[in-house]
Amino acid sequence: TGSGKPAGEAGGRWQNTRKRGFTLIEVLVGMLMIAIASVGLMLGIVYGRAMLRNNMIADRALQELSNYMELWRGRLHAGIVGNVEWSGGTPQKVVLYSPTRDPEDPTTVTGTIYREPIHKNGTDDFWRKYFPYYTLEAYIVWERPGGADGGMFEDTLRLATSVIPFK
């Protein structure tokens, strides 16, 4: 029967013959919501990876600077610091991050370690002569990518310690 009435029903009431399911509008709205959530999730992943990379670079910078300080601490303890070396050191370049292991790769991050002059300290002349201690300070500087405009940020990490030489 083509009148929209169910077969065999008396009274002539219309029956809802719509099938259960989603309309095209509902499907499109659902796809739009999933797309917006996916874009937000991807932005979060990209930001998280950038922060992880920056943390890896900072951790590597700390390792390099700690090794450098340990070298100079040992030289002071052993008494093998030359006269010229007291006034500060020559800047030393180190690779902090290189995904391709190619120093010419633009994604390679290098840092430069600087050392301040070594000072002999003590409260007065007696203490400086018989019980001296030395102030050793070094820092590392590197640039990391950041910012919306693709610019570079300069990061610095500084370590300082006092060294009492062995007698």
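The model is predicted, with local features requiring pLDDT of at least 70 and side-chain atom pairs pLDDT 80 or more, while totals for chains, interfaces and linings use all residues. Residues are numbered from 1 along each chain as its sequence is written, and side-chain values use heavy atoms, without hydrogens or water.

Threonine 112 lies in strand β2 (residues 109–115), strands being DSSP runs of E with at least two residues and helices runs of H or I with at least four, numbered from the N terminus. Threonine 112 is buried at 9% relative accessibility, where buried means under 20% relative accessible area, exposed over 50% and partly exposed in between (1.4 Å probe, protein chains only).

The structure holds two aromatic pairs, defined by ring centres of Phe, Tyr or Trp (its six-membered ring) within 6.5 Å, with planes under 30 degrees apart counted as stacked, over 60 as edge-to-face and the rest as tilted.

| Pair | Centre distance | Plane angle | Class |
|---|---|---|---|
| Tryptophan 86 and tyrosine 134 | 5.3 Å | 50 degrees | tilted |
| Tyrosine 114 and tyrosine 139 | 5.2 Å | 25 degrees | stacked |

Tyrosine 114 lies in strand β2 and tyrosine 139 in strand β4, so their pair ties together parts that are 25 residues apart in sequence. Tyrosine 114 is partly exposed at 29%, whereas tyrosine 139 is buried at 19% relative accessibility.
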